[in-house]
Amino acid sequence: MAWSVLIVDDHAGFRGSARALLEADGFDVLGEAADGQSAMQEARRLRPQVVLLDVQLPGMDGFAVAESLAAEPSAPAVVLISSRGRGAYRTRLESTPARGFITKAEFSGECLSSLLD
């Protein structure tokens, strides 16, 4: 069974690339969002199993969105993604309810799968 995914990133180019990559690896991409507010709306509407969530977003940042999603009934697994390395967020990553963190340079369907299994 394919994982259903919502992609949240403020860069349309990355969303498109991530969608193509994930679909090629067998994921079911249900939708996309460009900011924290739309991420919450789309997560409630689409009910994905996984939210691939950029850390730096306009408005609510990815950490705030992850906290809010964790409080939802049937909360999705959240995987944070960023162009910055893990060291830039070390303290916040230790306390986030997100399932994991991937840098955009390392992103792949296989990498995402490894955090979900």
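Across which strands does helix α3 lie? Select residues 62-70, and you have helix α3, which lies across β3 and β4 and runs at about 155 degrees to β3 (axes are lines fitted to C-alpha atoms, for helices over the stretch in contact, and angles run from 0 to 180 degrees between N-to-C directions). Helices (H or I, at least four residues) and strands (E, at least two) are DSSP runs numbered from the N terminus. This is a predicted model, in which local features need pLDDT of at least 70 and side-chain atom pairs count only at pLDDT 80 or more, while totals for chains, interfaces and linings use all residues. Residues are numbered from 1 along each chain as its sequence is written, and side-chain values use heavy atoms, with hydrogens and water left out.

Next, select the strands: they form an open sheet of 5 in the order β2-β1-β3-β4-β5, with parallel pairing (two strands pair if DSSP finds at least two bridges between them). At the edges are β2 (28-33) and β5 (100-103), each of which pairs on one side only.

Now show residues 50-54 and 77-82, where β3 and β4 pair in the parallel sense over 5 bridges, and where L53 stands opposite L80.

Then colour V8, V51, L53, L69, V78 and L80, which have the most contacts inside the largest nonpolar core, a set of 20 residues (buried Ala, Val, Leu, Ile, Met, Phe, Trp, Tyr and Cys residues joined through side-chain atoms within 4.5 Å, buried being under 20% relative accessible area with a 1.4 Å probe, protein chains only). Helix α3 gives the most to this core, with 4 residues.

Notes. Contact = heavy atoms within 4.5 Å. Buried < 20%, exposed > 50% of the residue type's maximum accessible area, 1.4 Å probe, protein only.
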